[in-house]
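Here are my notes on the model you sent for comment. Please read them beside the sequence and the coordinates.

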Amino acid sequence: MAETGSTPEGATKPPPDAATGSVPEVPTVWRSPGAGTRARGGAARRGTRALRTRTSAVLVAVVVLTVLAVPALVPLDEQAVDLGSKLLPPSWSHPFGTDEVGRDLLLRCVYGLRISLLVGVVAGLAATVVGTVVGALAGALGGWADRVVMRLVDVFSSVPHLLLGVFIVAMFRPGLWPVVASVALTHWLSTARIVRAEVLSLRSRPYIDAAISGGSSRLRITVRHLLPGVLPQAGLAAVLMIPHAIWHESALSFLGLGLPTHEASLGNMVQAARGSLLAGDWWPTLFPGLFIIIPTLAIAGLAGAWRERLNPRRRSELML
Amino acid sequence: MARMAGRRLLLAVPVLAVVTFGVFAIAAASPFDPAKAYAGSAGLGAGQDVFDQLRENLGADRPFVARWWDWVTSAVTGDLGDSSTLRQPVADVIGERIGWSVLLCAVAFALAVTVGTALGVLAARRRGGLLDRIVTSLSYTLEAAPPFWLGLLAIWFFALKLGALPAGGLTDTGSDVATAGQVASHVVLPAVVLAVSQLPWFVLYVRQGVGDALEEDPVRGARARGLRERTVLLGHALRSGLLPVLTLVGSRVPELITGALLVETVFSWPGIAAATVQAATSVDFPLLAALTVLATAAVLVGNLLSDLLYGLADPRVGFDG
């Protein structure tokens with residue numbers, strides 16, 4: 001098995017080490033599109049990219065405002081059942097139609113997005129904290145501690161994420177916290193790798209040497225000098241984690257292993273709509289799915305722009 | 001090569017041991033009670049002493065390390081315990097279902113590789129062009145779309161609206177025997193959905209690989225020799241651009257398993273992934289533990305295959321791993 005980088009060279013670009021059971025964090029897709037292409041359509045491409053960043057930013061703002069404002073401003077109850085108006089197709093009074101017990105789907109989608117975003121942000125942050133601490137410790141301690149930790153990361157990544165998540169939730173009973181925990185426990189691996197690589201590359205900088213000669217303790221160097229250096233990368237990893245976490249939560253909920261079924265999570269809504277879909281009513285299925293896709297693309301587009309700024313050499317042409 | 005395969009198989013042993021250990025540790029930390037799971041609804045109203053007795057009989061009162069060791073030693077002999085929901089040995093459950101899962105995944109994977117390569121080459125031919133932009137945007141959207149949602153929409157459209165394909169299961173309702181024709185018509189929809197969920201990755205990788213190769217010297221040389229564009233694209237650019245993709249194919253196993261978990265559930269496909277979900281919803285620990293380990297083993301095999309392919313496809317890479 002290839003030595004998973006105890007060298008700083010392994011830092012910026014994790015080796016495509018299939019032995020670790022992971023696709024490299026940065027697929028070749030994200031690398032520079034190559035000189036020739038850039039010469040051909042440089043300005044136009046930059047324009048498209050700026051437009052995409054702006055669109056993503058606006059979309060993210062709209063999503064955040066909606067999930068924050070609508071529950072406060074709209075006095076309607078998303079759980080309110082109205083059996084007289086069940087499964088109405090989209091219309092002016094119900095733009096997304098109504099579900100099998102007559103609840104307004106637009107309102108429910110907004111509430112679902114709210115819960116999914118909440119789970120996504122909390123789980124993404126938790127995963128990032130775990131990954132940053134583990135990665136920073138491995139990178140700063142080095143030696144056998146590093147090797148043990150990175151081997152553990154390899155082992156962890158040979159269990160498919162969703163399967164491990166399913167297992168954890170099944171053992172701890174479905175609910176908000178098991179879902180958050182299962183997402184956090186399965187998604188810290190990539191952050192740990194990135195942060196460790198960053199720490200390794202920072203460790204060889206002169207100012208760290210200066211701190212060591214100045215007699216700073218190892219802990220102090222890690223906390224004062226190394227951690228602040230990795231924060232931007234960790235922050236980026238956290239944002240990139242949010243769409244993953246949303247996806248993961250909706251999948252678990254759809255399988256009946258996520259949030260409680262009465263909760264308007266997007267995955268629960270798709271699951272609940274299965275019956276009406278088989279009867280031919282498409283709208284209760286279609287809209288919650290769109291509410292998963294659009295924020296995912298918007299967040300990924302914004303994070304892509306951030307990544308370009310952080311790693312200008314690794315010019316990303318693409319999003320996700 | 002054989003040496004490398006052997007070494008990697010040896011390395012898989014500790015990995016699997018750690019994974020099983022982790023599985024038992026998680027179960028021990030959780031509120032899951034093997035005795036209650038074993039008793040099922042028959043345990044309702046039973047007193048504490050009954051459960052204590054049951055726990056002792058099942059060996060569940062011992063520390064989880066001891067139970068883990070028991071499980072490992074009997075697993076080596078092929079005894080994976082009994083599934084508490086399906087009331088049959090776990091090994092039988094796996095044996096009955098694994099073939100269907102392999103069939104589904106193989107069809108889907110072959111489809112994803114072929115279509116993905118074709119679309120990737122088309123997009124790479126003129127990067128930044130209209131076709132490229134359509135293909136890449138579509139890929140991102142599909143990558144963001146949950147497979148279960150795609151599956152349900154596919155059922156709605158192809159099975160309900162068009163009535164062209166069956167909505168799920170393995171055979172038509174009423175027939176018990178799985179004939180080849182029935183299975184073939186039932187596998188189409190789930191396999192296509194699973195393939196579509198894996199497609200974006202292939203398209204984007206092939207597009208990048210071929211696009212980069214188109215700007216390299218061999219292609220420039222081939223163009224200078226006046227070869228036809230088609231020959232240059234398929235004979236030169238595709239050949240070198242596909243190399244990095246082929247070698248990463250094996251590392252797609254985790255994503256394939258994730259996709260299968262969702263797709264098999266949506267289409268009621270009688271495979272092993274659907275059994276995993278059933279085992280999870282009914283907290284069937286013996287089945288769940290065995291399937292988690294099986295999935296991990298599949299991932300390790302995929303990694304090994306991908307490394308072997310890497311060495312075969314690119315002679316510069318040695319087999320010293």
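**Notes on the predicted model**

1. V283(B) is buried, since 21 other C-beta atoms lie within 10 Å; a residue is called buried if 20 or more other C-beta atoms lie within 10 Å of its own, exposed if 12 or fewer, and partly exposed in between, with C-beta atoms placed from the backbone. V283(B) sits in the loop between α12 and α13 of chain B, and its phi is near 45 degrees, a positive value in a residue other than glycine. Most residues other than glycine have a negative phi.

2. S268(B) also has a phi near 45 degrees, positive although the residue is not glycine, and its place is in the loop between α11 and α12 of chain B. With 14 C-beta neighbours inside 10 Å, S268(B) counts as partly exposed.

3. On conventions, this is a predicted model, in which local features need pLDDT of at least 70 and side-chain atom pairs count only at pLDDT 80 or more, while totals for chains, interfaces and linings use all residues. Residues are numbered from 1 along each chain as its sequence is written, and chains are lettered from A and ligands numbered from 1 in the order in which they are written.

4. The secondary structure of chain B comes to 13 helices and two strands, where helices (H or I, at least four residues) and strands (E, at least two) are DSSP runs numbered from the N terminus. Its C-alpha atoms fill a box of roughly 85 × 55 × 35 Å along the principal axes, and 42% of the 321 residues of chain B count as buried. Among contacts in chain B between residues at least 6 apart in sequence, 71% join residues at least 24 apart, two residues being in contact if their C-beta atoms, placed from the backbone, lie within 7 Å.

5. At the interface, 57 residues of chain B are in contact with 54 residues of chain A. The elements of chain B that give two or more residues to this side include α1 (2-29), α8 (180-213) and α10 (229-248), and the largest share, nine residues, comes from α13(B). By residue type, the side of chain B that touches chain A divides into 34 nonpolar, 18 polar and five charged; here Ala, Val, Leu, Ile, Met, Phe, Trp, Tyr, Cys and Pro count as nonpolar, Asp, Glu, Lys and Arg as charged, and the others, Gly among them, as polar.

6. An unreviewed UniProt entry places the feature "transmembrane region" at residues 98-124, 145-167, 187-206 and 287-305 of chain B; such annotations may be inferred rather than shown by experiment. In the model, residues 98-124 of chain B are 100% helix and 0% strand, with end C-alpha atoms 37 Å apart, and residues 187-206 of chain B are likewise 100% helix and 0% strand, with end C-alpha atoms 26 Å apart.

7. For chain A, the UniProt annotation "domain: ABC transmembrane type-1", from an unreviewed entry, covers residues 113-303, a span that is 85% helix and 0% strand, with end C-alpha atoms 19 Å apart. Helix α6 (residues 206-213) of chain A lies largely in the open, because the number of its eight residues that are buried is zero. Just after α6(A), G215(A) takes a positive phi of about 85 degrees.

8. As to confidence, the mean pLDDT of chain A is 78, and 80% of its residues reach 70 or more, pLDDT being the predictor's confidence in each residue, from 0 to 100. Over residues 1-41 of chain A the pLDDT stays under 50. Where pLDDT is low, the predicted coordinates should not be read in detail.
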